[in-house]
Amino acid sequence: MSSSSPLERRVAILGATGSIGTATISVIEHLTRIDAETTWRVHGISGHHNLDRLAEIAGRTAACKVVLSDPAVAADMPDSLAGRFPAAASLEVGPDKLVELAAAAEVDTLVAAIVGRAGLESTLAAIRAGKRVAIANKETLVVAGGLVREMSRRSGAELLPVDSEHAAIFQCLAGGGIARRIILTASGGPFRQATIEEMRQATIEQALAHPTWSMGRKISIDSATMMNKALEIIEARWLFDCPAEMIAVMIHPQSIIHSMVEMVDGSTIAQLSPPDMRLPIQHALTHPRCLPGATPTLDLTEPSRWSLEPVDTERFPAIPLGFEVASVGGTAGAVVNAANEAAVALFLEGRIRFTDIVTACRIALENHHHESNATLDRLLELDRWAREEVLRWQERSNF
Ligand SMILES: NC(=O)c1ccc[n+]([C@@H]2O[C@H](COP(=O)([O-])OP(=O)(O)OC[C@H]3O[C@@H](n4cnc5c(N)ncnc54)[C@H](OP(=O)(O)O)[C@@H]3O)[C@@H](O)[C@H]2O)c1
């Protein structure tokens with residue numbers, strides 16, 4: 001458990017070199033300036049490939065521990081770059097060091113900002129150790145949501161969502177009302193108005209060009225296929241312990257309403273703000289305190305027009321897939337998540353078409369034998385199987 005005083009927060013940021021990691025550092029710098037009650041320290045950071053950025057952040061945050069999770073990158077690190085890491089920081093290498101840092105006694109808060117299933121073990125280690133976990137790495141909940149719930153119940157870990165939709169729902173529920181329906185909003189991504197044929201022909205650049213959010217490559221592709229929303233349906237199912245039938249998705253192209261909760265009394269509560277991840281990150285770090293934010297605010301006294309539209313599930317088959325996985329639970333999340341990661345990688349390598357990504361997820365889901373309860377080892381085994389299954393399918397299909 002944490003050894004820091006109540007007036008000090010010691011944060012580890014895993015995935016510090018990425019989009020969420022960068023926004024987190026900016027939030028902590030902001031809190032350092034404005035939060036008179038708490039001393040904010042970055043105890044540790046991690047990066048995987050981006051050594052330049054990792055060295056720069058190590059200097060900027062004065063982190064004591066710096067983890068480079070890819071040993072191959074460390075082996076090729078030029079001496080000139082090694083010299084750019086602050087002498088006071090200990091540089092450690094390999095994925096095991098992520099787990100050590102996440103569970104370290106000196107850390108009270110983990111920002112889980114690694115992309116994909118690679119963030120699973122470290123996020124689970126922090127949950128097992130009873131930390132506050134600001135969870136951006138939605139894939140952990142998708143793969144092992146049931147285990148996360150059980151583990152956090154036992155350890156007392158506090159899970160604070162960073163995903164803007166889930167942070168919004170969390171805030172809507174804070175008033176204590178009884179929810180009847182959770183409505184996740186979705187921007188619709190770059191292909192909101194595209195035909196299936198246009199999506200079939202989509203280039204990598206078109207798929208990466210998100211209209212309202214600036215994000216890492218994997219989540220940008222997920223947003224374009226709407227697999228991101230599918231993963232978020234599953235994330236919401238576990239995070240808020242609600243059945244899939246309680247969740248709905250609406251397209252909201254302006255990305256101002258981040259999600260809504262319909263209460264049993266008939267009122268609907270929504271959270272609104274400009275699309276900027278610094279807000280949900282700050283919320284997760286400072287909850288239950290609400291401190292002045294670093295982000296611009298909406299001026300709702302100015303005229304504005306927003307819309308809410310249903311999802312066209314024929315063009316975006318990821319959405320029914322997400323509901324199905326959230327509903328059956330068990331091993332389905334691990335399989336679909338792994339298939340999606342494998343298929344996104346193939347698309348980014350130019351080896352499959354954009355519309356094949358969700359097809360690959362559907363095929364992996366249908367070819368696996370569903371189990372309602374599975375250990376972490378079994379989930380990881382199925383993760384490996386699903387990735388291989390997608391590669392076999394791609395080779396068979398002869399794209
Ligand atoms: N970006 C957003 O606005 C946003 C919003 C909501 C939720 N999220 C979620 O937040 C997570 C991070 O997204 P992102 O957009 O910040 O991604 P990103 O910009 O691609 O950053 C990913 C981070 O993970 C590290 N990483 C990559 N592969 C790794 C591996 N195998 N092992 C350990 N570390 C690895 C990267 O290191 P290097 O860069 O050094 O290679 C980088 O620090 C995702 O789960 C995403 O779904 C993101």
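Trainee: How many cavities of 30 Å³ or more does the structure hold?
Mentor: One. This is a predicted model, where local features need pLDDT of at least 70, side-chain atom pairs count only at pLDDT 80 or more, and totals for linings use all residues. Residues are numbered from 1 along each chain, and side-chain values use heavy atoms, without hydrogens and water.

Trainee: What counts as a cavity?
Mentor: A set of points on a 1 Å grid over the protein atoms alone, where a 1.4 Å probe fits but cannot get out.

Trainee: How much space lies in the largest cavity?
Mentor: About 40 Å³, taken as the space filled by probe spheres set on the points.

Trainee: Which residues line it?
Mentor: Ser164, Ala167, Ala168, Gln171, His258, Gln271, Ser273, Asp276, Leu279 and Pro280; a lining residue has an atom within 4 Å of a point. α8 (164-173) and α13 (278-286) each give two or more residues to the lining, and α8 gives the most, with four. Helices here are DSSP runs (H or I, at least four residues).

Trainee: Now the packing. How do the axes of α16 and α17 cross?
Mentor: The axes of α16 (residues 356-367) and α17 (residues 376-397) come within 10 Å and cross at roughly 120 degrees. The two helices are therefore oblique to each other, a class left over after under 35 degrees (roughly parallel), over 145 (roughly antiparallel) and 65 to 115 (roughly perpendicular).

Trainee: Which residues meet there?
Mentor: Asp356, Thr359, Ala360, Ile363, Ala364 and Asn367 in α16 meet Trp385, Glu389, Val390 and Trp393 in α17, with contact meaning heavy atoms within 4.5 Å.

Conventions:
1 Å grid on protein atoms, 1.4 Å probe; cavity = no way out; pocket = protein on both sides within 12 Å on 5 of 7 lines; lining within 4 Å. Axes fitted to C-alpha atoms, helices over the stretch in contact; angles between N-to-C directions.
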